[in-house]
Amino acid sequence: MHKKLIVIGGGPAGLAAAVSAVENGLSPEDICILERDSEPGGILNQCIHAGFGLHRFGEELTGPEYAGRYIEMAKAAGLTITVNAMVLSLTDDKKVTYVSPETGYVTCSADAVILAMGCRERTRGALNIPGSRPAGIFTAGTAQRYVNMEGYMPGKRVVILGSGDIGLIMARRMTLEGAKVLCVCELMPYSGGLARNIVQCLEDFDIPLYLSHTVTAIGGKDRVESVTVAQVDENRRPIPGTEVTYDCDTLLLSVGLIPENELTRGAGVAIDRMTNGAFVNQNRETEIDGIYACGNVLHVHDLVDFVSEEAAIAGRAAAEKILGKTAPAVHSVSVRTGFGVRYTIPERIDIPAEPAEEVRLFFRVTDIYKKVRLTITDGNGNVLVKKAKSAVAPGEMESLSLSVESLKALADAKCETITVALEEM
Amino acid sequence: MIYDVLIIGAGVTGVMTARYLSGKTCSVAVCEAGCDVAMGATRANSAIVHAGYDAKPGTLKARLNVRGNKLMKEIAKELGVECKAVGSHVVGFGEEDAKHLKELYERGIANGVPDLRIIGQDELRAMEPNISAEATMSLWAPSAAITCPYGLTIAAAECAATNGVDFYLNFKVTDSSHAGGIYYITNGQQTIAARYVVNCAGVHSAEVAEILGEHDFPIYIQPRRGEYIVMDKTCGKMANSTLFVVPSSKGKGILVSPTVDGNLLIGPNAYAIDDADDTQTTQPGLSEITEGALRLMPCVDTRNAITSFSGVRPTPNIYDFYIKNSEQLPGVVHAVGVESPGFASGPATAEYIAELLTDAGLQFTDKDNFIPTRRADGNPKLFRDMTDEEKNAAIRENPSYGKIICRCETVTEGDILNALNSPIPAVTLDMQKSRNRSGMGRCQGGFCSPRVVAIIAEHENYGLENVTKRGGGSWLVVPKNTKGGDKE
Ligand SMILES: Cc1cc2nc3c(=O)[nH]c(=O)nc-3n(C[C@H](O)[C@H](O)[C@H](O)COP(=O)(O)OP(=O)(O)OC[C@H]3O[C@@H](n4cnc5c(N)ncnc54)[C@H](O)[C@@H]3O)c2cc1C
Ligand SMILES: Cc1cc2nc3c(=O)[nH]c(=O)nc-3n(C[C@H](O)[C@H](O)[C@H](O)COP(=O)(O)OP(=O)(O)OC[C@H]3O[C@@H](n4cnc5c(N)ncnc54)[C@H](O)[C@@H]3O)c2cc1C
């Protein structure tokens, strides 16, 4: 079997990418969207709280509502979504093998592939929390699924480790469902979650947030019976004597998300250690020609609105490539991280002979900073772009744009690298 | 019903004995305190089918280990379970260790271990490119193998059940009586009657001996815990064979070993503990094994750890295994203090226990219809182990094989239902996990556990709240409408 474009993953990223490919001239029959779940929508289907779509649609939607909009758009575009189809492997020459109850075990080749597999939650093992291994330790997303989709509670007295958004949202959800959330503890001196979630999910419910704290022990043989929390020093090591033990039956972990890149690795696509996603250019094309990545599989986004935006870029680029409309690059610039910047997307800019539009660079900072200037400098130290901000935090994505003129100038000067950095003012 | 033989404890010792006897003309039952077989030391150990150079010549340990090594590979083949003879190195660092390696080599030769050799640094480095630059030599034992100790034990138990052995799970022996040549063994609610009793209760075997009625039982067991870290599959190829350091008075030391599933295992340490069932892991323990592993292999990076676990050794107050007919209780055989290499010895221990039962008066002959596989129709294959054609055929016949439930380990709904329909139905999350690895991959069940729980509940026709992690009080969820936070 052969398709012009295969999109792996039918979450917000995959749907937006496919819709954008159709908008940019690809026929919907030439596109195949493969989704392993029984319905499209991705992780949004279990996020029944409001707060999605403020940027994209200018109104507050729930997760399923936001997904619904894109499912409708996909239908209107004439796209079909193959559900219950789990992709098992991808090769560097774009052969996709998937399995489903309806079609069996199938290998299909493609001219272009868009990776949109989302991410998974970090687990206890990755953190190496010692202790016994009783029932009652869940990632926040698993708990969210039990509560919102199965109608069950994962426990009644809860300690939450990690203040990522999903953890914060689950603190509120579990409380509303009648559980007692004893505290949220966070290893870092700041929360990784959005400021609005700290207010709406913790403060409004009097749930304490302990920064610079971690879990040092889990008690209980069959089921969690206690969780011990301790303060940590600046090297994030527990400070002896600061332990507090909570009598509880559940530990929820909200300790980060990891892009789901096993297929990507299998295809030999190079992965950026900082994002845990593929290295991409401004079109979200990986280092393998015709393989694109977008959404949480590329880097973890805090808002789905930005996922849709990024996916549209990938969808358009894939369509243009398939239709032979891509202007070849005459020069490549690699994007470096400077002081205070953890990673950037894209990591590379491929500049065509006549750049037609600006390139927006997204990035995350390494720590909380007040009063800063965000800059892009070229290899000779010339500042190309700058923007002042009163505060930045690792939990919120930043961006800067390079104008068409700057791109031209970089290409003309054969500039090899540019650096995104932060200056304290 | 009065069984000929009741086996207490479904670890490798009890299960191999059950499988062995299931090929004979006698009726057999096994009772086990846990919700599954292989819940004791057999679940959590180094998974090495030792070659047999460790034990002192002339001991039971030495004899059963060397024979067990051979039989284990045969049985694994019959049961369709992987048992890979990757070999083992006891790695020496300098002159001091050379003496010890020589000693081990001579023991091995006396014990009848095949193909043992002491090799130099160059050969060692060629075989194990990631070994520490300070390693100077090793004792190479090509017959040492790795397997999945609980997977093999589960398969052997299913085979025993297929051949008519009754398994009583969640049956913790608390009391017993003896009258008219029959033992009545109870868990307080249910009683099993049998003419012969085999005590294979692992770390609790000395207690069970007393429950059975032994006075002044000579063996005392000190539980000793060993902790491990499991590393991601990306590290699985860092070691080609099992790497030990030279054993000291404290034990065999920290090893680095590939696992049959393609992960890398590091551990164990050894600490005496009071509570024999306390399988927690500790921060100092995990640091200790990390350091130990780094000594053998400096490139080990614990950022690739996916989980940690620990197992408890039933260390007796004597050097050897204590496997004997009771002196006080006619028809009772004890298998006590079966610590390492107890797993490797399992199949040979089973033969030996059968001999002891014969000595005690049990009579049997070979059954002519013994089925050596897990099911009457052979050994079921997991979806991920099938060829492409088999995969397609399986999905055509049963579409549930086309539905991936655990995406990290590629476990399908068909695999999960198959484990539910087995002779020992897998009705808990951990039972499923140990049969098909669902929930054991990178995401550690984050994605699949709610789905596996739902499949079990639907198959068993009850609510999700009845599904546990591993029996007892290990509940997972409660229905939403129950009032929470009631302790305040
Ligand atoms: C648990 C969780 C809770 C979240 N809660 C919030 C929130 O409250 N508010 C907010 O703004 N953002 C939240 N987010 C973030 C937001 O939902 C994501 O940014 C967005 O859903 C990412 O979209 P995506 O399409 O990249 O990934 P996903 O939504 O994860 O979609 C990926 C899709 O790919 C499919 N897939 C993956 N691998 C394969 C394969 N091999 N074969 C076939 N299909 C495959 C998956 O089934 C899934 O449908 C949450 C994220 C997570 C993980
Ligand atoms: C850290 C560690 C590493 C090891 N490494 C290796 C190795 O690499 N190679 C090797 O060969 N050996 C190894 N061993 C040793 C090996 O694991 C044991 O010797 C072997 O598993 C013992 O099996 P068993 O059946 O005798 O006991 P167990 O597996 O402990 O089984 C005993 C069973 O009895 C049950 N039971 C207890 N009390 C009762 C009761 N009252 N009623 C009913 N049931 C009861 C328990 O639940 C348990 O399932 C290791 C051991 C440990 C702890």
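The model is predicted, with local features needing pLDDT of at least 70 and side-chain atom pairs counting only at pLDDT 80 or more, while totals for chains, interfaces and linings use all residues. Residues are numbered from 1 along each chain as its sequence is written, chains are lettered from A and ligands numbered from 1 in the order in which they are written, and side-chain values use heavy atoms, leaving out hydrogens and water.

**View 1. Helix H8 of chain A.** H8(A) covers residues 304-322. Helices (H or I, at least four residues) and strands (E, at least two) are DSSP runs, numbered from the N terminus. The expected span is 1.5 Å times one less than the number of residues. For these 19 residues that gives 27 Å, and the end C-alpha atoms are 27 Å apart, which agrees. Buried residues (under 20% relative accessible area, 1.4 Å probe, protein chains only) include Val304(A), Val307(A), Ala311(A), Ala314(A), Ala318(A) and Ile322(A). An α-helix has 3.6 residues a turn, so residues three or four places apart point the same way. Just after H8(A), Gly324(A) takes a positive phi of about 70°.

View 2. The structure holds 2 cavities of 30 Å³ or more. A cavity is a set of points, on a 1 Å grid over the protein atoms alone, where a 1.4 Å probe fits but cannot get out; lining residues have an atom within 4 Å of a point. Volume is the space filled by probe spheres set on the points, which are joined across faces, edges and corners. The largest cavity holds about 40 Å³. Its lining is Tyr53(B), Asp54(B), Val90(B), Phe244(B), Val245(B), Pro247(B) and Lys252(B).

**View 3. The second largest cavity.** This one holds about 30 Å³. Arg284(A), His299(A), His301(A), Phe306(A), Glu310(A), Phe362(A) and Met397(A) line it. Glu310(A) is also among the buried residues of H8(A).

**View 4. Ligand 1.** Around ligand 1 are 33 residues, each with a heavy atom within 4 Å of it. Ala13(A), Glu35(A), His49(A), Val87(A) and Asn296(A) come nearest. A backbone N or O atom of Ile43(A) lies 2.9 Å from a ligand oxygen. For Asp302(A), such a backbone atom lies 3.3 Å from a ligand oxygen.

**View 5. Lys24(B) and its partner.** Lys24(B) sits in the loop between helix H1 (12-21) and strand E2 (28-31) of chain B. Lys24(B) is buried, with a relative accessible area of 10%. Its side chain makes a polar contact with the side chain of Asp366(B) at 2.5 Å. Such a contact pairs N or O atoms within 3.5 Å; within protein, one must be able to donate a hydrogen and the other to accept it, and residues adjacent in sequence count only if both atoms are side-chain atoms.

Methods: Buried means under 20% relative accessible area, exposed over 50%, partly exposed in between (1.4 Å probe, protein chains only). On a 1 Å grid over the protein atoms alone, a cavity is a set of points where a 1.4 Å probe fits but cannot get out, and a pocket is an open set with protein on both sides within 12 Å along at least five of seven lines; lining residues have an atom within 4 Å of a point.
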